[in-house]
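Okay, thanks for coming, everyone.

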Amino acid sequence: MMTESTRGPVPAIVLLGPPGSGKSTQADLFESVFRAAHIDVGDALRRVAGDRTPFGERVREIIHVRKELVPDEIVRAVLERELERIPDHQPIVIDGAPRCESQVDDILSIIRDSGRAFKGVVFLDLPVEASIDRISRRFSCSECGRKVIIGTDVPDAGTSCPDCGGRLVRREDDSEEGVRKRYRVFHDSTVPVLRRFEEEGKLFRVSALLSPREVLTEIRNRMVL
Ligand SMILES: [Zn+2]
């Protein structure tokens, strides 16, 4: 069990999946069920991209303008920085890396250096049209940051935030065109990563069309958590 962290090595899991496959939702569930810390590499990179430094400017250009994969050394630096603030005894869920084959060894060595045991990669599989449909309906409040789904939480994008009345906004790269490009980049770069973990018996493929609870149950059963 992941909760019995004092009895064995502290586990680390990697979550991979295209945009909208529910990685953050699963990471939140892992947080409440296993007290695992969530490292969202994409979020961490977007935070860096907001820094008014040459480094931040470089990351901003790559992810928001060119919409390309971030170079390995930047991913490594950001991941190491995120790990520094997590206690050694806490399980971790890494979401958003490794995104390409050249990052695999880096990520595995960072996990090993943190003293944790790598349990495997969960791949949340989602078709491209479902990805576009989910992401294009994802907005957040410009004031309090609350996340809402159009058509589920609020009727349309013109609605105010249900919590604070703030304006709802969409992430810069969440347009249909943006999602299509991210999905393609994800697919092309990540397929070799999945193949490698599959060969090592460390890949757990789960349909992201299931409900979040069903996905979690699948993961627990398949990974024996
Ligand atoms: Zn709000």
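Predicted model: local features only at pLDDT ≥ 70, side-chain atom pairs only at ≥ 80, totals over all residues.

As for where you find it, Asp51 sits in the loop between H2 and helix H3, which covers 54-65. If you skip the neighbours within four places in sequence, Asp51 touches Gly56 and Glu57.

We've got five strands in an open sheet, ordered E2-E3-E1-E4-E8, and the pairing is parallel. At the edges you have strand E2, residues 37-40, and strand E8, residues 203-207, each of them pairing on one side only. On average, neighbouring strands here are turned by 25° against each other, ignoring direction.

Zoom in on the E2 side. E2 and strand E3, residues 92-95, run parallel and are joined by four bridges. If you want a landmark there, Ile39 is opposite Ile94 in E3. Lying across E2 and E3 is helix H2, residues 41-49, which runs at about 55° to E2.

Next, aromatics. How many aromatic pairs are there? The count is three, and I'll show you two of those. Phe118 with Phe197 is a tilted pair, with 5.6 Å centre to centre and 50° between the planes. Phe118 belongs to strand E4, residues 116-125, and Phe197 to helix H7, residues 176-199, so this pair ties together parts 79 residues apart in sequence. Phe118 and Phe197 are both buried. Then there's Phe123 with Phe186, and that one is stacked: 6.3 Å between centres, 10° between planes. Here too we have E4 and H7, with Phe123 in the strand and Phe186 in the helix, 63 residues apart. Phe123 and Phe186 are buried as well.

While we're on H7, let's do helix packing. For two packed helices, you describe things by the angle between the axes and the distance between them. Helix H6, residues 128-136, packs with H7 at about 140°, the axes being 9 Å apart. Roughly antiparallel would take an angle over 145 degrees, so H6 and H7 count as oblique. Their crossing is right-handed. On the H6 side the contact uses Val128, Glu129, Ser131, Ile132 and Ile135, and on the H7 side Glu176, Val179, Arg180 and Tyr183.

Another pair to look at is helix H1, residues 23-34, with helix H8, residues 212-223: the axes come within 10 Å and cross at roughly 65°. That crossing is right-handed too. Among the residues that meet there are Leu29, Phe30 and Val33 from H1, and Val215, Leu216 and Ile219 from H8.

Last stop, helix H5, residues 104-113. Its buried residues are Val104, Ile107, Leu108, Ser109, Ile110 and Ile111. What covers them includes strand E1, helix H4, E3, E4 and H7. And just after H5, have a look at Gly115, where phi is positive, about 85°. That's my tour, thanks.

Methods. Residues numbered from 1 in each chain as written. Heavy atoms only, no water. Pairing = 2+ DSSP bridges. Helix = DSSP H or I, 4+ residues; strand = E, 2+ residues; numbered from the N terminus. Axes fitted to C-alpha atoms, helices over the stretch in contact; angles between N-to-C directions. Contact = heavy atoms within 4.5 Å. Phe/Tyr/Trp six-rings, centres within 6.5 Å; stacked < 30°, edge-to-face > 60°. Buried < 20%, exposed > 50% of the residue type's maximum accessible area, 1.4 Å probe, protein only. Parallel < 35°, antiparallel > 145°, perpendicular 65-115°, else oblique. Left-handed = near helix turned anticlockwise from the far one by under 90°.
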